[in-house]
Amino acid sequence: MSYSQQALKAIVDKYSAAPYAGTVVAIEILNEPDGDYLPQELIQSFYSYGISIIRQANNNLLFVMQDAFLSLYDWAYFPSSSDRPNGVIDTHHYEGDCL
């Protein structure tokens, strides 16, 4: 198990159970993975791992996936349709200097 997987598992274990269960309603699996640098398959593989451990810990807990700055079309068929009701896609829009 990688350090990243260990860290995510520790977060899920802590925040999916009492006293946080019901208060923490979602866990973001990764924040801003770089889709220009990392292969989408690698990101999806880590997301699959995260979805799996979140489901095992607490089936009511939502999972959040950041879009890796890829098109939403790149995520059209991921995750599987059975997980979609419990998932959220987080997209960050950076507009540069406004001055």
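Three strands make an open, parallel sheet in the order β1-β2-β3; strands pair if DSSP finds at least two bridges between them. This is a predicted model, in which local features need pLDDT of at least 70, side-chain atom pairs count only at pLDDT 80 or more, and totals for chains, interfaces and linings use all residues. Residues are numbered from 1 along each chain as its sequence is written, and side-chain values use heavy atoms, without hydrogens and water.

- β1 (26–28) and β3 (87–90) are the edge strands, each pairing on one side only.
- Neighbouring strands are turned by 25° against each other on average, direction ignored. Axes are lines fitted to C-alpha atoms, for helices over the stretch in contact; angles run from 0 to 180 degrees between N-to-C directions.
- β2 and β3 run parallel and are joined by four bridges.
- F63 stands opposite G87 in β3.
- Strands (E, at least two residues) and helices (H or I, at least four) are DSSP runs, numbered from the N terminus.

**Helix on sheet**
- α2 lies across β1 and β2, at about 165° to β2. Contact means heavy atoms within 4.5 Å.

**Nonpolar core**
- The largest nonpolar core has 18 residues; L8, I29, Y47, I54, M65 and W75 have the most contacts inside it.
- α1 (3–15), α2 (40–57) and β2 (62–66) each supply at least two of its residues. α2 gives the most, with seven.
- Such a core joins buried Ala, Val, Leu, Ile, Met, Phe, Trp, Tyr and Cys residues through side-chain atoms within 4.5 Å. Buried means under 20% relative accessible area, exposed over 50%, partly exposed in between (1.4 Å probe, protein chains only).
- L8 touches I27, I29, F46, Y49, G50 and I53, not counting residues up to four places away in sequence.
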